[in-house]
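Trainee: Hi! Could you walk me through this one while I have it open?

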Amino acid sequence: MPVYAVTGASGHLGGFAVQQLLARGVPPSSIVAVVRTRGKADDLAARGVQVRVADYSRPQTLGAALAGADRLLLVSGNDAGQRVVHHTNVARAARMAGVSRIAYTSMLNADHTSNPLVGEHLDSELAIREADVPFTMLRNGLYLERYTDHLSEYLQAGEIVGAAGNGRISAASRQDYAAAAAAALLHDEGGNRTYELGGAAFELPQLAQVISEVTGAQVTYRDLPAEEYADALQRAGLDEASARFVAAIDSSIARGELETRSADLANLLGRAATRPAEVVHMAYDLLKGRL
Ligand SMILES: NC(=O)c1ccc[n+]([C@@H]2O[C@H](COP(=O)([O-])OP(=O)(O)OC[C@H]3O[C@@H](n4cnc5c(N)ncnc54)[C@H](OP(=O)(O)O)[C@@H]3O)[C@@H](O)[C@H]2O)c1
């Protein structure tokens, strides 16, 4: 039985990916959960998963963490500006450890988008190619949770505000991206693979409609020019750089850059991606204390 290593296992996506591997019959002892802080993975350790501590910024910790691993899911980190160095460290350590496949959580349409998030993902993809280990690029679209995490604010304001226009968004839940990652890690053989991953596309006015239907409250979408949206984000408390960054992501959505017609996600899942209405429903139940 190959040994599967998952980084970021204390986070949402990595944690779900470990659960998916377990659910698909991988013995806990054949899974290495790589975490930055040991205490954050006690639940996995209690299930018999090997928990090892490593930091993407400290190469000396990565070799020991990946020793004996055959297949690695490298969950992209969240230190903007440091990610290429971090992911390069992991890719090199994986090569040294004899890992036979690196699956990396990249970004949808990475090679033809001007989205402000893409630079670090493309450079990370390059570092993985240069490590000369067979790879699987999991080019994830936006998380539906990018929106449902703000459900209470939408309900309070009666609106979603953005600058995405009628751009279509092929978002999916983290659970679905994690399930797809686990499937690819288990089944990809031979050469290199690149998946463009996203669920059925929607526009933000449609998402507002779905939220209204699920919650019974009236929520609409108000579109602003990107500059005005950045100003509104600053008035809501974001610093200027972050506000411009978020507004630039919406501009990218407006240009259609976060849409895909690829069926890769459904194919990896073996079913359709979870519908936005279901994800909104779960978020609403959570909000109401029903979960
Ligand atoms: N597609 C999208 O819409 C979208 C949205 C947001 C983020 N993302 C990307 O997807 C990734 C996974 O998403 P998520 O929701 O699972 O994020 P998350 O819950 O914040 O998890 C990120 C994981 O990465 C680990 N990590 C970060 N820096 C590290 C380092 N230097 N060394 C070792 N581990 C490190 C974190 O460890 P700790 O628990 O110790 O912090 C955590 O376990 C994010 O990190 C980001 O790159 C994508």
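This is a predicted model: local features need pLDDT of at least 70, side-chain atom pairs count only at pLDDT 80 or more; totals for chains, interfaces and linings use all residues.

Trainee: Okay, ligand first. Which residues come nearest to it?
Mentor: Ser10, His12, Leu13, Ser76 and Gly77 come nearest, out of 21 residues around the ligand.

Trainee: And which polar atoms sit by its oxygen atoms?
Mentor: His12 places a polar side-chain atom 2.8 Å from an oxygen atom of the ligand. For Gly77 a polar backbone atom is involved, with an oxygen atom of the ligand 2.8 Å away. Asn78 has a polar side-chain atom 2.9 Å from a ligand oxygen atom.

Trainee: How much of the ligand does the protein bury?
Mentor: The protein buries 81% of the 900 Å² that the ligand exposes when taken alone. Helix H1 (12-23) and H4 are the elements giving two or more residues to the shell around the ligand.

Trainee: Tell me about H4, then. How many residues does it have?
Mentor: H4 runs over residues 83-97, which is 15 residues. From first C-alpha to last it reaches 21 Å, close to the 21 Å expected. After H4 comes Gly98, with a positive phi near 80°.

Trainee: Which parts of the protein cover the buried residues of H4?
Mentor: The cover includes helix H3 (59-66), strand S4 (71-74), strand S5 (101-107) and helix H5 (118-130). Among the buried residues of H4 are Arg83, His86, Asn89, Val90 and Ala94.

Trainee: Switching topic: what's in the largest nonpolar core?
Mentor: That core has 62 residues, and Leu21, Leu72, Leu73 and Ile102 have the most contacts inside it. Helix H8 (residues 174-187) gives the most to this core, with ten residues. Another core, of 29 residues, lies apart from it and includes Leu151, Ala164, Ala171 and Leu258.

Trainee: What does Leu72 touch?
Mentor: Leaving out residues up to four places away in sequence, its contacts include Val90 and Ala94, along with Ile102 and Leu185. Val90 and Ala94 are also among the buried residues of H4.

Trainee: Last one, Thr105. Is that residue buried or exposed?
Mentor: Thr105 has a relative accessible area of 4%, so it counts as buried. Its place is in strand S5.

Trainee: What is its side chain up to?
Mentor: A polar atom of the Thr105 side chain lies 2.8 Å from the backbone nitrogen of Ser76. Thr105 also touches Leu13, Leu73, His121 and Asn140, among others. Ser76 and Leu13 take us back to the ligand, as both are among the residues that come nearest to it.

Methods: Residues are numbered from 1 along each chain as its sequence is written. Side-chain values use heavy atoms; hydrogens and water are left out. Helices (H or I, at least four residues) and strands (E, at least two) are DSSP runs, numbered from the N terminus. The expected span of a helix is 1.5 Å times one less than its number of residues. Buried means under 20% relative accessible area, exposed over 50%, partly exposed in between (1.4 Å probe, protein chains only). Contact means heavy atoms within 4.5 Å. A nonpolar core is a set of buried Ala, Val, Leu, Ile, Met, Phe, Trp, Tyr and Cys residues joined through side-chain atoms within 4.5 Å. A residue is near a molecule or strand if one of its heavy atoms lies within 4 Å of it. A polar contact is a pair of N or O atoms within 3.5 Å; within protein, one must be able to donate a hydrogen and the other to accept it, and residues adjacent in sequence count only if both atoms are side-chain atoms. Accessible areas come from the Shrake-Rupley method with a 1.4 Å probe; for residues, only the protein chains shown count as cover.
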